[in-house]
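The sequence and structure come next.

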Amino acid sequence: MRKTREKAGEGGKGKGPRLPPSPTDLAGIEAALEEARRAASIGEVPVGAAVLRDGTMVVCAHNETVGRRDPTAHAELLAVQRALSLLQTDRLGDCTLYVTLEPCAQCAGAIVLAKVGRVVFGAYDPKAGMVGSLGDVLRHPGLNHRVEVIGGVEEEECGALLRAFFGERR
Ligand SMILES: [Zn+2]
């Protein structure tokens with residue numbers, strides 16, 4: 001681990017993580033990015049998610065809003081649901097959820113209900129993000145369960161996928 005707080009060679013937008021992400025967190029967000037690219041390749045909005053436990057992949061998912069005609073089928077919601085099912089549990093306190101885009105109100109709510117231990121996300125979403133942008137559901141002082149959050153990991157690449165996708169469609 002580097003001990004300085006400087007991020008070598010990264011431009012950043014000032015909202016990125018203050019410390020360089022750990023190798024595990026980088027691997028997690030890379031897995032989510034891979035899912036986002038898969039989504040784009042089949043015409044889905046390129047948002048991807050992965051759930052890791054002790055550094056080991058549990059499940060990954062991407063947005064399925066187009067294919068399912070379901071505006072709630074967000075990558076991180078699907079990942080949380082599948083992780084609960086696979087691990088046969090009702091809480092994910094020992095898991096980290098990686099997602100390429102800041103979660104919306106729905107997904108932030110699901111993260112709280114499933115008691116996810118940590119959330120690491122890529123791009124901020126100024127239009128719908130509820131983990132720092134429009135509001136902050138995960139760190140609301142009134143909630144019993146509070147989630148450790150790291151935002152802005154691989155922010156540029158996560159955002160570029162979305163911009164490319166919507167740019168091509170306009
Ligand atoms: Zn969502």
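## Arg69

Arg69 sits in the loop that links strand S2 (56–62) to helix H2 (75–87). Helices (H or I, at least four residues) and strands (E, at least two) are DSSP runs, numbered from the N terminus. The phi of Arg69 is near 50 degrees, a positive value in a residue other than glycine. Most residues other than glycine have a negative phi. Arg69 counts as exposed because it has 8 C-beta neighbours inside 10 Å; a residue is exposed if 12 or fewer other C-beta atoms, placed from the backbone, lie within 10 Å of its own.

## Model and numbering

This is a predicted model, in which local features need pLDDT of at least 70 and side-chain atom pairs count only at pLDDT 80 or more, while totals for chains, interfaces and linings use all residues. Residues are numbered from 1 along each chain as its sequence is written.

## Gln88

Gln88 lies in the loop between H2 and strand S3 (95–101). Its phi is also positive, near 50 degrees. Gln88 is exposed, with 6 other C-beta atoms within 10 Å.

## Sheet

An open sheet of mixed pairing is built from 5 strands in the order S2-S1-S3-S4-S5; two strands pair if DSSP finds at least two bridges between them. S2 and strand S5 (148–150) are at the edges with a single partner strand each, so one side of each has no neighbour in the sheet.

Strand S1 (residues 48–53) and S2 run antiparallel, joined by 6 bridges. Gly48 is opposite His62 in S2.

Key
A residue is buried if 20 or more other C-beta atoms lie within 10 Å of its own, exposed if 12 or fewer, and partly exposed in between; C-beta atoms are placed from the backbone.
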